[in-house]
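Here is a briefing on a predicted model. Look over the chains first, then work through the points below.

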Amino acid sequence: MKIPRIPDAQLDLLAERLSAIGVGRRDFLKVAAGLATLGAAGFNARPAAAAPKLGPGEKLAKDQHLRIGGGGWWQNDPSSHDYNKDLYCTGVAALWAGLMKFDVNFQPVPYVASRVASNADGSVWTFTIRKDSKWSDGSPCTAKDFEWSWKRQMDPASKNPYSSYFYDIKGAEPFNKSKVPDASQVGVVAKDDWTLEVTLEGPRGYFPVLSAYLAALPAHRPSVEKHGDKWTEAANIVCNGPFTLEAWEHNKVMVLRKNKHFIGAKDVTLDKVTIPIVPLESGALPYENNELDLSPLQTGDLKRLRDAPATKSQVFRYPFPGTWYLLPQVTKPPFDNVKVRRAVAHAIDRESIVRVADGFAIPAHSMIPPGFPGAVDDKKIRDIQRFDPKAAMAMLKGTPYEGGRNWPKITLTMRQEGLGSKPLAEAVQSVLLEHLNMKTDLEVQEQRVFRAGLWQHNYQFVWIRWFMDYPDPHNEYFDTFYGKKTEGKRQAWVNDAFDKELELGRDTRDTKKRMANYAKAEEIMQTDAGYIPVAWVARWAAAKPTVRGLEKNKLGETVVDGNIYVDMLPQIYMVEKA
Amino acid sequence: MGLSTPASGTNVTAGPRPLADPDGIRAPLPVAVEAGAELRSSSLWRDAIRRLLRNRLAMAGGIVVALLCLIAIFADVLAPRPYTKTNFGRLNEAPTRDYLLGTDQLGRDLLSRMIYGARVSMLVGLGAQIIVVSIGVPIGALSGYLGGRADLFLTRFIDVMYAFPRLLFVILVMSMLGAGLTNIFIAIGLTGWVGIARQTRAQVLAIKEKEFVDAARGLGAGFARLLSRHILPNAMTPIVVAVTFGIPEAIFTEAALSFIGVGINPPTPSWGQMVGEGQQYIRSYWHLCVFPSIAIAVTMLAFTFFGDGVRDALDPKMK
Amino acid sequence: MVQYVVARLLWLIPTILAMALVTFLVMHATPGSPLDPIAEGANPLPPEAQKVLAKHYGLDKPLWHQFGIFVAKAARGDFGFSFVYKTRTVAEILRETFPISLFLGSMALALAVAGGLTLGILAAVYQNRGWDYVSVSLATVGVAVPNFVLAVFLIILFSFVVPLFPTGGWESPRTWVLPTITLAAAPMGIIARFTRASMLEVIRADYTLTARAKGLSETPVIFKHALKNALIPIVTLLGPMFAAVGTGSFFVESIFRVPGMGRFFVQSMTGRDYPMIMAVVLTYGVFLAIMNLAVDLAYGALDPRIRY
């Protein structure tokens, strides 16, 4: 008897229903996975509704060829496409398919794994892999491939700068730090070709999120063993994602071709994708000259394209989670006094400041931008660092700087970068001068020199931008601000109550409880003014009218490929020009 | 190298003086004679100044240069507004009656920033050139004059310095000495003298063969006097031309360095940086990039004409 | 003469060694470590990982040892793997990109010489009259307008307003035009100015007077007698100029998407890509040293009194 497949749109509805009654993420996955196994082809996270939707009189283009690039996308030749070994290879993620992936709402959904289940406390996870999972040369892509790939990532010989990513896995850290000679003790085991069992160091509610991220992508063992570092060249590469690499002319262009062995191949409309290497300096010129179909925009081009009637409708904003914030160094006067820090926080006129970014920043009142897991919208928290010049001055009473006098030399240090970072910093200087009579010197530093000093806590006052690596508050809070870290701390600020909340959030598997932990952590940090959020990153892109299929998330925003969601290309289809 | 823009770091000057003055008799001590007037003996310098004053184009250039210097010195008085005063309500506005040259990304008055920018650009441009000339000319002159092993050694030294990784050196200097205007033009100057050295050497090589040099030597002139009184004044042409090119080149080098994060720190305005940062807005807010570009071009033209005039004045054969 | 050339070529070796040493020292002295991952949010590597990476790159050995290894390998053409493009060797990358920069640079220089000489001669011959002012102004504009601004203007004019050329890339000869013009603008201006200055001196020389007095018409006077002598300063220019444009301009190549080696000059330094830094500096240095030799030899041809 043929079991009807439950359409994905219904599953999304189910998720909403469940979360309304308090069923947490992990639990939903159990439920959804259970439902999916009733279906014939397994869980396909792409909503059925996303099949090409054509308007009246429109036709699918005969030539399903998309050209993307520019605006920061592949401004340099990738060093490889080997995400398994080098998370920052800047290669094409669409060549790969991981056990899970992020959907357009940045929720992890099963992908190559049709089902994900955990034990009672969330310390052992089991991934059931689809039996139609193949590599682009037709050979099966099995659990053994994933076991080998993940162990390769943790292997100290790979020198992967991001290998601490999997330290939640039992035995991963000793293996990576060479305290044990091999990976036999690491808790990743392929029980058979289609089952992968992962044992963690303890309950980890967020593990599905980790397995959906770029750092968990597989590699093709025979190719790696045969070609070594050159295995991702076009002539050698074997991949399991929606596209294969047909050609790669270094520093010039990459050409992708639809992978007919891909598990979701029947739903991929695009046949060919051309990605020229376009340095930032070209701006939107290639897009405007019809040499590209889809391109992110930089500060100089947004206003012009938004104002011009011809291109107005082509421009759209897309979510790209990042936060600009200030770090007043608690070990250096005048910021060693919490009242001074709070005063600075009250003096930040966010609405005015973001105007200088010309559309590329919006005011921020907490670390995580809206729409992402862990976003905080509590009025109580918003009030802690609200813009209030009177309160700012009032805070200074009782300090040596009362009335905005006697400020010592204050240097605001930042790293050289684009997208309006410098004008924003100058705007911060301006409001501090206006509301607190605090004069600051802006010091723009070369990238590596800046980082070297940052880790040493040399700077008195820092202007810094953070991009979200994966959508879980653990990344935003723990990785950035956890006080007990021995290395990799950007600031000297430490707060025990704050750290406690972070540890609770890490170890709990109950989603609602976790979010409460992180919200409390945010409240503590803002009250102690360990950091001062100023703005969230807003990014814009432009797409020609012939490009369709870009997904929209729950908030109605169009989503393009980023660090987290990399599923754009399989959804796109081209229509005939009107 | 591929970093600064005009001629990519060549810092070039001309070669040896051609066979323009074979006996060079006229080089020292020309005597000005006017029909019917009493014989007036005058020095090389007074003659030169008189010639300079008569050259209208050069004087125009000189006046502009002087004006720029005055603007740079009196920026505080001349600028209608402080260059840090922001206005979040009027960002990136094109020129209006209120803001004669428009406003920048923070609503600051572009005219005021241009005026203060004159100070920075003059300092960077002239400061770097002073260092460049002080190092490059003596080295080149010594190399060309002494010849033999000294020449061989110095030329190789110049060759090595030519390939020097300027960007890295500037990062190093800035991180050791800290940010600051003087450190920047020291760093630029210390790595930019090689072109002038080569040109000076080539000039000196040719000139030292001339009879007037022999004559002067025969008269007992020592090495230093020979160089400073006789040879170098005749080698001036390429040095002057190189300096006029070097000034905008230093300005652009500073701008290029700021793209990496080792330039002058904001909010201090520098024309070079304003052009560099304004480039991405050229099609939306043209004024951000165009006005500083014009300023640099005018500065360069002024130095060019004035420099040409100075060189012409010092050349006794130009009438 | 032959002795001189051989001596100079032999001198190339210690010169290059000195270049390498100076670069090596400055490179290691500059703060900022290549072991630091570049990515936005990345934390610094834990100490064990740093040790492993340092060992892999050979950075754990004492400096003089590292330099020795570098020289030994470089002599065989092996500059190692790029720290930034981890799967490719520096030699491989340069082998692909250097010829392109060289080609673009040669075209630009040819244009600059042709244009610059013409403008300069015109300016000198018509001194203080129309052509002189036009020529000097053009030359000044060419140098005073930075090439990244000129590039945008050209693209707007010739890609959008008059769609003649693509905005960039390096496929057909059509894509060569705009980058060549942009790259040639400043050198053309410089050559024009030097030509003018040099010609002016020469035109007034006695021997020119003599040639005219002999009854020669203006053309051979200018071209045969004057120009040859005026060329020396220009030839001095051309050496380093060719080395500079031949190794790629960062901005021009970026804006026009020319896959040359220009970008590595900046990228390797900000990325502390040690092998790449050494390679680009040495490429530039060797190129330059050879050009300087050619220039010095040319002096001998142009001015018989310059002897070696």
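Strand β13 (residues 322-328) of chain A pairs with strand β18 (residues 532-537) of chain A, in the antiparallel sense and over 4 bridges. Strands pair here if DSSP finds at least two bridges between them. Helices (H or I, at least four residues) and strands (E, at least two) are DSSP runs, numbered from the N terminus.

This is a predicted model, in which local features need pLDDT of at least 70 and side-chain atom pairs count only at pLDDT 80 or more, while totals for chains, interfaces and linings use all residues. Residues are numbered from 1 along each chain as its sequence is written, and chains are lettered from A and ligands numbered from 1 in the order in which they are written.

**The sheet in chain A**

- In β18(A), A:W536 is the residue opposite A:I362.
- Strands of a sheet pair through backbone hydrogen bonds, either parallel or antiparallel.
- The open sheet holds 6 strands of chain A, in the order β14-β18-β13-β17-β15-β16, and its pairing is mixed.
- β14 (361-363) and β16 (440-445) of chain A are the edge strands, each pairing on one side only.
- On average, neighbouring strands of this sheet are turned by 25° against each other, direction ignored.
- Axes are lines fitted to C-alpha atoms, for helices over the stretch in contact, and angles run from 0 to 180 degrees between N-to-C directions.
- Is β18(A) enclosed or open? It is largely enclosed by the rest of the structure, because 6 of the 6 residues of β18(A) are buried.
- A residue is buried if 20 or more other C-beta atoms lie within 10 Å of its own, exposed if 12 or fewer, and partly exposed in between; C-beta atoms are placed from the backbone.

**Helix and core packing**

- Helix α13 (residues 421-436) of chain A lies across β13, β14, β15 (410-415), β16, β17 (461-467) and β18 of chain A.
- α13(A) runs at about 165° to β16(A).
- A:L424 is in contact with A:W324, A:I353, A:V356, A:A357, A:A361 and A:A535, leaving aside its neighbours within four places in sequence.
- Contact means that the C-beta atoms of two residues, placed from the backbone, lie within 7 Å.
- The largest nonpolar core has 339 residues; A:L326, A:I353, A:A361, A:L424, A:V428, A:V534 and C:I191 touch the most other members.
- A nonpolar core is a set of buried Ala, Val, Leu, Ile, Met, Phe, Trp, Tyr and Cys residues joined through C-beta atoms within 7 Å.

**Backbone points to check**

- A cis peptide bond, with omega about 0°, joins A:P333 and A:P334.
- A:P334 sits in the loop between β13 and α9 (338-347) of chain A.
- Another cis peptide bond joins B:P266 and B:P267, with omega about 5°.
- B:P267 is placed in the loop between α11 (236-260) and α12 (271-278) of chain B.
- A:N406 is not a glycine, yet has a positive phi of about 65°.
- A:N406 lies in the loop between α12 (389-395) and β15 of chain A. It counts as exposed, with 10 C-beta neighbours inside 10 Å.
- A:H457 is not a glycine either, and has a positive phi of about 60°.
- A:H457 belongs to the loop between α14 (447-455) and β17 of chain A. It counts as partly exposed, with 18 C-beta neighbours inside 10 Å.

**Chain B**

- Chain B has 13 helices and 0 strands.
- Of its 319 residues, 59% count as buried.
- The mean pLDDT of chain B is 77, and 83% of its residues reach 70 or more.
- Over residues 1-41 of chain B the pLDDT is below 50, and beyond near neighbours in sequence this stretch has 143 contacts in the model.
- pLDDT is the predictor's confidence in each residue, from 0 to 100.
- Where pLDDT is low, the predicted coordinates should not be read in detail.

**Chain C against chain A**

- The contact takes 41 residues from chain C and 38 residues from chain A.
- α2(C) gives the most to the side of chain C that touches chain A, with 5 residues.
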